[in-house]
Amino acid sequence: MQIKKDEVVWLLLFIAPAIILFFLFFIIPILFLFVTSFTNWDGISAEFVGLENYTKLFNKKSFVRAITNNLYWCLTAALITVPLALIIALLLAHRSRGWKVFRTVLFIPQVVSSAAIAMLWAAMFNAEYGLVNFLLDYIGFSDYKNHNWLGNIRTANAALIGFSLCYVGYFMVIMLAKTAGISEDYYDAANIDGASQFQKDLHITAPLIKSTFFLCIILAVIFNLRQFEYVYLMTAGGPANKTQVLVVYIWNELSVQRLGRGNAAGVIMIAIGAILLLSLRKLLKSETYN
Amino acid sequence: MIKSILKLFSVVFISTSLTVISTVASAEITINWPSIWVGKDSKSTVISELVDEFNSANSGSIKVVIEEQTDYDIYAQKLTAQISTGDLPDIFTVGADLLSILHRSGKAMDLAPHVASDSHWNNVYPEGALESNMMGGQLTNLPYELFVTPVTYNKKLLKAAGYDEFPATYDEFFKMCEAVTATGKVCTSQMTAKNAWTSMLWFSQALASAGGPNVYERGLDDPAFVKAFEVMEKMYQYTTSDAVGADAGVSGGHFLNERTAVFMNGPWFIARYTSDGIPGLHENIGVAPAPMLTGGEGAPGGYVGGKQSSLAAGKQSDPAKEEAVVKFLKWLTTPENVARLSYSSGAMFIVKADLPSDMDRLFIEMNEQKGNAPYVAKTFMNGMGSLPIVSEFPQALSALALGEVTPEGAVEMLKDAE
């Protein structure tokens with residue numbers, strides 16, 4: 001489509017507010033982040049230190065662990081959370097009796113403060129009085145009577161990620177909404193051919209919501225890359241930095257007045273996010289935009 | 001004509017009245033105070049009363065508004081960010097670890113001119129207390145709350161384990177822990193979450209015992225740091241199963257519920273033994289200096305403590321508001337008000353105050369032991385003078401407790417944090 005000359009002025013005028021806001025609240029802060037990442041800024045004074053912040057970060061075990069943990073979170077989201085949401089969405093799409101109740105129950109964590117849920121789960125995982133250990137003991141796993149789920153190196157990450165599965169409802173609702181738009185004609189035709197429910201799910205519903213499924217994967221990866229409140233509230237990156245993630249690491253650097261180094265970690269996080277998203281887009285492009 | 005004049009008169013009268021009213025209303029100066037002394041804090045009741053009384057006495061001219069800060073650590077992090085951005089509250093409390101940054105920021109009110117021009121401050125503070133707090137000729141904070149951290153122990157639980165007295169050395173202490181464990185109780189309350197406060201206090205005691213009160217001057221290479229971590233490593237063998245990851249609420253809660261026999265915290269916790277402890281707990285509590293390490297450079301009876309919270313204010317551009325802030329700071333530091341705070345909470349203050357003769361038994365014992373102590377060493381948090389090292393301590397401690405690192409490895413983690 002050819003844009004006329006006199007339309008260009010109006011076009012610029014209409015997009016100017018968005019561009020100005022984007023520039024003010026996104027581009028300038030990122031530029032600021034990038035520039036200060038080469039300084040030893042402590043909030044009061046700053047000197048140029050070159051790549052020192054970056055080299056120090058990559059020499060720190062806890063920072064490298066934060067990156068690997070974030071990738072672990074992203075991988076779990078893509079391989080467990082979203083596929084689990086898909087399975088639940090496919091089951092609820094049958095509109096069996098009580099499906100609305102399940103949909104609501106699974107979505108409830110989204111409308112409750114994540115801080116409140118994190119504190120609740122921290123109490124449930126408590127070694128001395130937690131409900132999790134009580135139930136395990138009750139069903140015969142007495143070895144876990146005083147197991148410190150969040151304070152044990154082997155189980156802390158698993159407990160955190162396991163808890164995050166209660167947010168499966170968000171992706172489930174997105175995919176469930178997509179199933180509502182699928183024409184009944186496909187299912188009628190399948191019924192005439194004698195297809196089972198499983199075959200209809202596998203060959204009609206799943207392929208038709210594939211683009212939404214991939215969108216959910218991208219969203220889940222973004223959410224988990226910026227994972228903060230669950231980790232901060234439940235383990236603060238501990239024990240022994242084993243559950244450290246990037247945003248908590250950045251927060252810690254900022255809280256000890258090492259703003260330059262914290263910003264360098266922020267730049268690395270943006271770079272990782274960009275690489276991950278570009279890779280995912282490339283990988284899923286043909287499917288997503290079909 | 002008369003009607004028009006009356007209308008005009010009415011309009012002028014109403015608008016003038018409104019202007020006068022709004023001027024009077026806006027003349028009230030509001031002082032915002034993000035306070036940590038709220039909620040379950042033992043000083044919350046009296047602080048609230050003091051603010052109400054001040055507001056009543058200055059009704060229409062000054063109003064102090066408390067912004068409740070219920071989490072000490074989050075408050076400290078928020079304050080750190082505010083110091084960096086220069087957006088300081090009107091009045092606030094600040095820990096000893098942030099005093100240097102606060103001064104460097106140049107955003108805090110300099111109270112030195114007010115101290116010089118008014119006898120109040122010089123009368124209520126002990127000699128040299130304010131001078132020793134000055135940096136570069138400026139006084140950006142008023143030292144306020146002090147603390148010591150003796151051992152508090154449950155005499156009933158120790159008696160059941162066969163101990164009438166609290167052990168004087170760590171060798172005897174760990175033998176006692178074995179005996180306490182045999183009775184089905186847990187010896188010590190420990191924690192690693194947030195700043196690992198109560199465990200950090202134990203570590204500070206062991207450090208002062210191993211390297212003497214000036215151990216921090218020699219830095220992390222001093223062998224005393226390894227020895228102190230060795231003590232902590234053993235300490236975690238005699239604690240609750242939720243100690244790694246536990247916060248101060250959990251750690252203190254176990255002692256309040258008689259699940260653990262030994263606990264360490266400041267005098268502000270005294271009021272909670274009665275308000276939150278199981279019935280009769282307060283009567284069963286004993287106070288003692290921390291045990292000593294055999295062959296250490298510390299001295300028996302040595303205490304750990306120091307400055308807890310100092311009062312400070314943000315720089316004001318309006319002289320009237322600055323005066324109002326100073327007036328409130330004076331109110332908080334009158335000997336009568338400090339005595340009320342101390343009496344109700346058990347907390348200790350640097351301001352000279354005539355404390356009532358019926359102060360809490362535990363407060364009196366702590367005060368006496370502090371008076372007899374050969375030294376009051378700094379805590380690790382205040383003594384290290386490094387926020388990154390202090391911030392890494394909980395991670396190093398949890399790694400040690402879980403057997404991920406040796407005591408030497410824990411010290412390396414602290415060095416690496418810098």
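1. Helices α4(A) and α8(A) are oblique to each other, because angles under 35 degrees count as roughly parallel, over 145 as roughly antiparallel, 65 to 115 as roughly perpendicular and the rest as oblique. The axes of α4 (residues 99-111) and α8 (residues 168-180) of chain A cross at roughly 125° and come within 7 Å. Axes here are lines fitted to C-alpha atoms, for helices over the stretch in contact, with angles from 0 to 180 degrees between N-to-C directions. The crossing of α4(A) past α8(A) is left-handed, a term for a near helix turned anticlockwise from the far one by less than a right angle, with clockwise giving right-handed.

2. This is a predicted model, in which local features need pLDDT of at least 70 and side-chain atom pairs count only at pLDDT 80 or more, while totals for chains, interfaces and linings use all residues. Residues are numbered from 1 along each chain as its sequence is written, and chains are lettered from A and ligands numbered from 1 in the order in which they are written.

3. Which residues of α4(A) meet α8(A)? They are R103(A), L106(A), F107(A), P109(A) and Q110(A), and their partners in α8(A) are V168(A), G169(A), Y170(A), M172(A), V173(A) and L176(A). Two residues are in contact if their C-beta atoms, placed from the backbone, lie within 7 Å. Ala, Val, Leu, Ile, Met, Phe, Trp, Tyr, Cys and Pro count as nonpolar, Asp, Glu, Lys and Arg as charged, and the others, Gly among them, as polar.

4. Helix α8(A) also packs with α3 (residues 61-92) of chain A, at an angle of about 45° and with the axes 8 Å apart. That angle makes α3(A) oblique to α8(A). Here the crossing is right-handed. Residues of α3(A) in the contact include T81(A), L84(A), I88(A) and L92(A), and those of α8(A) include V168(A), F171(A), M175(A) and T179(A). The contact of α3(A) with α8(A) comes to 12 nonpolar, two polar and no charged residues.

5. Chain A as a whole has 14 helices and zero strands. Helices (H or I, at least four residues) and strands (E, at least two) are DSSP runs, numbered from the N terminus. The C-alpha trace of chain A spans about 75 × 75 × 30 Å along its principal axes. Of its 290 residues, 34% count as buried, that is, with 20 or more other C-beta atoms within 10 Å of their own C-beta, placed from the backbone (12 or fewer is exposed, in between partly exposed).

6. Chain B has 19 helices and 13 strands. Its C-alpha atoms fill a box of roughly 100 × 45 × 40 Å along the principal axes, and 47% of its 418 residues count as buried.

7. Chain B is divided into domain 1 (29-140 + 309-346) and domain 2 (148-305 + 365-417), with bounds from an automatic or database domain assignment. The C-alpha centres of these two domains of chain B lie 30 Å apart. Their contact takes eight residues from domain 1 and 11 residues from domain 2.

8. Where the chains meet, the contact takes 24 residues from chain B and 22 residues from chain A. On the chain B side, α3 (72-85), α4 (99-105) and α18 (387-401) each supply at least two residues. The largest share, seven residues, comes from α18(B). The chain B side divides into nine nonpolar, 11 polar and four charged residues.
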